[in-house]
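Try each task before reading its solution.

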Amino acid sequence: MTEDKVVKPYNKGDKSKKEEVAEMFDNISGRYDFLNHFLSLGIDHLWRKRAIKMLKEHQPKKIIDLATGTGDFAIAALKLNPEKVVGVDISKGMLEKGREKIKKKGKENIISMVYGDSEDLPFEDNEFDALTVGFGVRNYENLEKGLAEMLRVIAPGGKAVILEFSKPKKFPVKQSFGFYSKYIIPMLGKSISKDSSAYEYLPESVAAFPEGQDFLDILEKVGYKNTSARLVSGGIATIYTGVK
């Protein structure tokens with residue numbers, strides 16, 4: 001996808017968006033889980049639950065979770081009784097935190113955490129029955145390439161579920177979330193994580209992301225079928241789905 005301006009966490013001239021995103025998540029990995037749930041007021045758990053329910057009828061046995069971070073979506077996928085869940089991320093710091101969580105839950109036999117690039121996945125074609133990604137696609141350096149790679153590793157008939165922040169359109173959610181994301185999130189993020197750029201990047205990356213029908217158009221362009229978009233919490237986030 002071509003953008004007028006590439007939104008990056010630190011805007012270092014010598015680093016790509018991909019490199020900066022990996023650096024950002026390494027920097028905040030120690031406080032990420034606390035901040036994520038705190039700043040979303042705990043609603044992110046409900047969003048993941050709703051997203052996972054959309055895969056229930058498919059009964060996937062092998063699931064890949066991209067931009068897995070500390071593994072929240074991968075862990076939520078256990079509700080589907082899969083044989084295997086593979087979490088992939090470009091941040092080694094986040095993966096390490098995720099492995100600690102999975103070990104505490106005693107689920108290492110089902111969930112594995114793999115270092116990798118979502119735009120160049122180390123897996124065979126048609127390897128997974130389903131795919132999830134939570135709050136990750138807006139961080140892709142090349143959105144179309146990343147979405148095409150996702151499609152490549154899903155088996156025919158397999159479903160992708162993409163949870164991403166969006167921009168609420170209706171009063172009062174639009175006004176209140178706009179203020180919260182622009183002012184409160186960066187302020188709290190800076191004070192707790194000591195990385196102000198990471199939480200300034202969040203609203204900037206959400207603002208630059210092609211949401212709603214624009215995103216569905218891109219999904220269809222790269223080959224997804226039966227695409228859909230479902231708003232959650234008044235449009236703070238959207239759950240997108242597509243089938244191979």
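The exercises below concern a predicted model, and each task is followed by a worked solution.

**Exercise 1. Nonpolar cores**

Task: find which members of the largest nonpolar core touch the most other members.

Solution: Start with the core itself, which holds 47 residues. Within this set, Trp 47 and Ile 111 touch the most other members. Next, look beyond the core: a second, separate one has 26 residues, including Leu 151, Ile 162, Phe 209 and Tyr 224. Finally, return to Trp 47 and leave out residues up to four places away in sequence; its contacts then include Phe 135, Leu 163, Phe 165 and Ser 233.

**Exercise 2. A glutamate in a helix**

Task: decide whether Glu 149 is buried or exposed, and list its contacts.

Solution: First locate Glu 149, which sits in helix α6, residues 143-153. Then take its relative accessible area, 12%. The cut-off for buried is under 20%, so Glu 149 counts as buried. Last, set aside neighbours within four places in sequence: Glu 149 is in contact with Ser 118, Glu 119, Asp 120 and Leu 121.

**Exercise 3. Pairing around a strand**

Solution: Begin with β1, residues 62-66, where 4 of the 5 residues are buried.

Terms used. Residues are numbered from 1 along each chain as its sequence is written. This is a predicted model: local features need pLDDT of at least 70, side-chain atom pairs count only at pLDDT 80 or more; totals for chains, interfaces and linings use all residues. Side-chain values use heavy atoms; hydrogens and water are left out. A nonpolar core is a set of buried Ala, Val, Leu, Ile, Met, Phe, Trp, Tyr and Cys residues joined through side-chain atoms within 4.5 Å. Buried means under 20% relative accessible area, exposed over 50%, partly exposed in between (1.4 Å probe, protein chains only). Contact means heavy atoms within 4.5 Å. Helices (H or I, at least four residues) and strands (E, at least two) are DSSP runs, numbered from the N terminus.
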